[in-house]
Every structure is written in C-alpha cells, then in structure tokens.
Amino acid sequence: MTKKLIFSALIAILFCVKSFGQDFEEEIFQNSTYFLTGIGGSYVNVQDQGISPLSYQGVGGGVVLGHFRETKRSITQSTVRFDLNNPSSEISGAAMYTYRLEAIYQYYFKNFGKEDGKLKIYPGISGLARWVLRDHQSFTNNSQHIETRFSLAPSVLIKRPFNIFNRDFELGIFSQLPLLTYATRPLFASTRFPASVNKEEVEFFDYLKNGEILSFGNHFRLSTQTYLLFPLKSGNALRLDYFWMFESYNAQNPVKTGEHGLMISTFFKL
Amino acid sequence: MKKLILCIVCLSAAVFSGCEKMFIEENPEPSNAVVFDHLWNTVDQKYSFFTDKDIDWDAVRTQFRSRAIRADNIIELFNVLADMLFILEDGHVNISAGIDLSRNWQWFLDFETNFDFDIIERNYLVPSEDYQISGPLHNTIIDSVGYIYYESFSSSVSTSLMNYIIQKFTVKEINSLEGPVAGLIIDVRNNGGGSISNAFTITNRFAIEKTKVADWYYKNGPGHDDFTQAEEKFIEFEGNEDRRFNKPIVVLTNRSSYSSANFFASMMSFLPNVTIMGDQTGGGGGLPINNELPNGWRFRFSSTRTIDANGNNIEFGVEPDIYVALDSADRNNGIDTIIERAISHIKGN
C-alpha cells in the first residue's frame with residue numbers, strides 16, 4: 001500500500017511542477033543518445049532455501065546509470081542498477097542485507113515493430129547479468145551467499161505517447177523473459193564455490209565458474225520496467241520507472257525472488 | 001481517455017506490486033510435523049559426519065517424529081528436537097529457540113577439567129613482572145619459559161601481535177630475563193574455538209616450511225557421502241623473518257579445547273619443535289553452518305569434514321603427545337601440574 005501511495009504521489013508531483021516547460025515531439029528521441037541517471041527505493045521478497053525456508057522481505061534503495069539511444073531502425077537501452085535492501089523474516093525476526101547489481105542491455109527492432117496509431121510495439125533481445133550477495137546477520141560461517149546469472153532473453157517494448165493536463169508524456173513497458181541462463185550458486189552446504197575449493201586466494205572468476213546452463217523448468221524469470229516519460233524543452237527528460245522482477249531458480253537449494261523498484265531518472269542528451 | 005490512461009498506470013502498479021506473491025509460497029506452516037521434517041531433512045542432506053559416526057538417521061526419524069508431532073507445546077517440541085540432535089554427539093550442533101539453547105557438551109562434561117584459570121592468574125600471571133594482556137593473549141615468562149594463554153579463537157590475533165610477543169620473549173631489553181626464553185607454552189585449555197583464521201595466524205607464525213596439515217571436504221550434495229574433492233590446507237611461515245621462533249613449544253590442551261582450538265592443536269602437531277600436552281582435545285572437526293526452522297528457531301550443524309595430514313578425523317579430538325592431568329594436591333597448593341610439566345619438558349628435565 002505504501003508503495004502505491006509513493007507511486008501516486010510522484011505522479012502528482014510531476015503533474016504539478018509547472019516550471020517544466022516542454023517541447024514534445026512524437027519522435028523526440030529519434031537519432032538521439034542520452035545518459036541516464038536515476039535514484040529510488042526498492043523492495044525485495046526472497047526465499048532462499050540455502051539460507052532458510054522462511055521468506056524475507058524488506059525495503060532499501062538503489063541507483064541506476066545507463067544509456068539510451070533511439071535511431072530510425074532501433075532503440076537501445078543499457079542500464080546498470082545497484083540496490084541495497086534490508087529484508088527480514090517476520091517469523092524469526094532475523095535480518096539480512098542484500099546487495100544486488102544488475103546490468104541489462106536491450107536492443108529493439110523498430111523495423112519489425114507494430115504501430116497502431118500512437119501505440120507502438122517493438123520486439124527485441126536482451127542480455128542480462130545479475131550478481132547478488134545476501135548477508136545474513138545472525139549466521140556465522142555461512143552468512144554470505146553469492147549468486148550470479150547471465151541470461152539471454154527475447155524482450156518487448158510497448159510505448160504510447162499521450163497528453164494529459166496539457167502536458168505530453170509517454171507511457172511504456174520494457175519486458176524480458178529469459179530463455180537461456182547461465183547460473184552459479186554456492187556449494188550445497190557451504191558458501192564456498194566449487195571453483196574456489198583448494199584455492200588459498202579466491203579469485204573473482206571463481207564465482208563464475210562451474211555454473212549450469214538453464215532454461216524453463218529450472219529457471220524462470222520475468223522482468224518489466226514500466227515507465228512514464230516526461231520530455232523537457234531542453235531536449236532532456238525525466239522518467240519515472242517502476243521495476244518489477246520475479247525469478248525462480250530450481251537449484252539444489254531453490255531460490256525465489258521478487259523485486260520492486262521505483263526510480264526517478266534523468267535523461268541528459270549527449 | 002486521460003482518465004483511462006491514468007487508471008491503467010495505477011492499475012498496472014497495483015497489479016505488479018503484489019505479483020510475485022502468486023509464485024512465492026507463503027512461509028511454511030509451522031506445525032510440529034513441518035518443523036520436524038525440515039530439521040530432519042536438512043540435517044540428513046547437509047550434516048557431514050553420518051558415515052564417520054555410523055549413525056542410522058532414518059531410524060532416528062522413526063524414533064522421534066511421532067514424539068515431535070505429539071508435543072503439546074514449544075518446550076516439549078524443543079526437547080524432542082534437542083534429544084534427536086543429541087544423537088549426533090557433536091558440539092557444533094544446536095537449536096537456538098530463544099527459550100533455550102540445545103547443546104551436547106558431553107565431549108567435556110564426561111572428563112576431568114584439567115584447568116583452573118584462577119590458579120594460573122593468581123600464581124603464574126599476576127605475580128610476574130612480565131605479565132601483559134596483549135589483545136586477547138595473556139602472556140608472561142614463567143621460570144625462563146614464555147607462556148601465552150589464549151581463551152577464545154573468537155578474539156582476533158594478528159601477525160604483528162605475534163611478532164611483538166615473540167620479540168618480547170627473545171629480546172632481553174623488553175623482558176626481565178638476561179636472554180631469550182628457553183621455549184614457549186601456548187595454553188588453549190578451555191578454549192572453545194572461534195575463527196579458524198586466528199588458528200592459522202598463530203600457527204603460521206611458528207611454521208618452519210610450507211607443510212600440509214589437513215584436507216577439508218565440503219558437502220556438495222544430499223547424499224551422506226557427497227563431498228567435494230579434498231581441499232588441502234597448508235601452514236607456511238608468516239611474520240618477521242628475523243625473529244623466527246625455533247625453540248621448543250608445548251601446546252596445552254584439555255577436553256574443552258574445541259573446534260578452532262582443536263584444529264589449532266592438530267596443525268601445531270605437524271611442527272617438529274611442538275609437543276601437545278595435557279588431555280585429548282574435545283574435537284569439533286566440522287565447520288558449522290546455520291539454518292532456520294519454519295517456526296523461526298535457528299539451528300546449526302557441521303557441514304565439512306577435516307582429516308589431518310596423517311589421516312586422522314579430528315572430529316573425534318587430537319590426542320596429546322604427553323598425557324598430563326591436573327593433580328588435585330598440586331591444585332590445592334596453587335600449582336598447575338600441566339604447566340609445571342611443560343616447563344620441565346622444555347628445559348629438558
């Protein structure tokens with residue numbers, strides 16, 4: 001409920017800021033490149049059987065950096081998002097910190113898209129990389145669980161410009177559904193990784209080795225980024241993003257994660 | 001139209017905000033059966049010493065499950081679960097329920113203590129002009145022999161601290177002796193363990209050359225014998241090269257030297273100038289990990305095996321080279337028999 005109120009409040013603020021002059025054109029991003037920065041809040045709901053059978057939920061914050069480019073034939077968006085959350089279990093009262101770094105590269109083909117009036121639907125492909133550290137505050141030798149994913153996903157972008165209260169906006173959704181994923185998790189009863197066994201110094205790439213290639217059945221992920229874009233007169237823009245993701249990985253220690261993020265981003269024309 | 005779009009935005013936010021809850025199960029029902037099954041299954045799949053201890057865990061389930069289900073309150077349930085885990089005879093296995101902490105302490109309660117810190121403090125430490133408490137290490141010089149008492153491996157020890165203590169024991173300007181000590185006693189009696197890295201820090205300070213001390217095996221599957229390949233553990237000198245310590249060292253142990261203290265004694269036993277003296281250590285050769293039960297209780301259990309470089313499973317303790325017990329007559333006279341014997345051993349008496 002709180003999230004919904006914040007969401008509504010941010011929309012209201014955008015409507016009320018009279019000082020934002022704008023010069024909206026339907027193809028405002030045509031042949032343009034933008035640098036994207038954003039900040040906001042996030043919420044995570046995680047059930048990691050390697051840690052506990054209990055669900056952990058909690059809020060936190062995040063930042064996003066990225067790049068957006070639109071040409072006649074394509075739309076490209078690449079973002080790197082970092083989130084820090086402090087979920088806890090209402091049953092045990094225990095808490096953990098989750099550190100999440102996620103990079104998404106998206107490429108949409110305008111040539112293969114469908115346009116119905118102002119509504120536009122573009123198919124695309126995405127590459128996703130995700131790294132998560134869960135640090136349980138009450139555990140000792142197995143307090144820190146790390147996992148990594150690399151996914152390839154078909155994706156879709158749906159967008160529609162509209163005018164409301166004499167101001168131009170664009171509403172859209174980016175969505176990805178990975179078909180192929182490379183995933184690594186710690187050993188069955190340890191936080192060590194298979195590749196780090198017998199090594200005195202654990203190297204970064206040890207966390208990436210000995211993973212498994214997954215598809216539907218063992219791994220499911222659906223992520224969306226719903227946005228409300230508010231172009232400014234200067235050619236820059238503000239964007240309100242709502243990120244949502246659900247992931248289920250049927251590993252030896254299954255893990256299910258739901259994530260939400262509400263971010264306000266600035267688009268600076270390069 | 002405008003209202004419609006606004007509605008769509010708000011509706012999509014509302015729908016997505018709770019969406020994953022359709023896929024993520026609620027917290028499991030904390031019934032007695034579910035709690036018992038989670039504990040039994042997790043231990044069944046992740047505990048590391050079933051084969052070494054020849055435990056029939058299926059029979060344990062048969063024995064305890066109906067009792068757990070019949071439990072009328074949380075105290076009864078806790079006691080049934082604690083009784084079940086007691087069968088593992090492992091000091092690294094506990095349930096922490098807030099109301100109580102289950103424990104198996106037979107590994108020291110069934111034996112003589114062979115330790116009295118009051119005697120050491122009153123008769124060996126405080127009267128000595130060399131007595132210092134350097135971080136977690138009580139240290140002094142007793143009858144020309146260096147003495148270190150380390151109470152818990154949970155307290156961090158650094159190589160620089162070890163360098164200082166070795167310097168203190170070898171440089172006459174900063175101790176009361178005319179020269180270096182004749183040897184060193186490291187007392188880890190009643191040391192219940194802590195961080196294994198502190199055991200390596202101290203052992204490495206006395207290592208002479210790179211020496212293999214153990215193999216670690218991590219559980220990597222649900223079968224009782226599913227382990228990774230051996231992870232070889234080595235000790236190797238770290239510290240001030242100009243102040244290596246090659247004199248005789250005696251490590252004092254008792255049945256309450258557990259976990260990291262047990263591992264420390266095992267590692268030190270591979271050094272040629274080290275003698276283990278006192279009583280057998282309490283054991284604890286598995287790295288414990290934590291988990292939670294559906295009712296929120298926390299539990300821990302061993303998830304690795306440690307086999308020393310001679311092929312001994314140190315879960316069952318490290319035997320001393322020389323068994324020495326605390327003599328009751330000595331005790332009454334404020335004498336620690338084991339320290340006295342260690343001093344004699346170092347001095348070659």
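**Chat about a predicted two-chain model**

B:Ala214 stands opposite B:Lys233 in strand E7 of chain B.

User: OK, which sheet is that pair in, and what's the strand order?
Analyst: It's an open sheet of three strands in chain B, ordered E7-E6-E12 with antiparallel pairing. Two strands count as paired if DSSP finds at least two bridges between them, and strands are DSSP runs of E, at least two residues, while helices are H or I runs of at least four, all numbered from the N terminus.

User: How many bridges join E6 to E7 in chain B?
Analyst: Five bridges join E6 (residues 211-218) to E7, and the two run antiparallel.

User: And which strands stand at the edges?
Analyst: E7 (231-235) and E12 (304-308) of chain B; each has a single partner strand, so one side of each has no neighbour in the sheet. On average, neighbouring strands are turned by 30° against each other, direction ignored.

User: Which helix lies across those strands?
Analyst: Helix H10 (residues 260-268) of chain B lies across E6, E7 and E12, at about 140° to E6. Axes are lines fitted to C-alpha atoms, for helices over the stretch in contact, and angles go from 0 to 180 degrees between N-to-C directions. Contact means C-beta atoms, placed from the backbone, within 7 Å.

User: Buried or exposed?
Analyst: B:Ser259 counts as buried, with 26 C-beta neighbours inside 10 Å. The cut-offs: buried is 20 or more other C-beta atoms within 10 Å of the residue's own, exposed is 12 or fewer, partly exposed is in between, with C-beta atoms placed from the backbone.

User: Switching to H7 of chain B: which residues are buried?
Analyst: In H7 (residues 117-125) they are B:Ile119, B:Ile120, B:Tyr124 and B:Leu125. They cover an arc of only 145° around the axis, which puts them on the same side of H7; the arc is taken from the directions from the helix axis to the C-beta atoms. The face turned away carries exposed B:Asp118 and B:Arg122.

User: How many residues does each chain put into the A-B contact?
Analyst: Chain A gives 40 residues and chain B gives 36.

User: What ipTM does the predictor give?
Analyst: The complex gets an ipTM of 0.83 and a pTM of 0.86. This is a predicted model, where local features need pLDDT of at least 70, side-chain atom pairs count only at pLDDT 80 or more, and totals for chains, interfaces and linings use all residues. Residues are numbered from 1 along each chain as its sequence is written, with chains lettered from A and ligands numbered from 1 in the order written.

Terms used:
Two residues are in contact if their C-beta atoms, placed from the backbone, lie within 7 Å.
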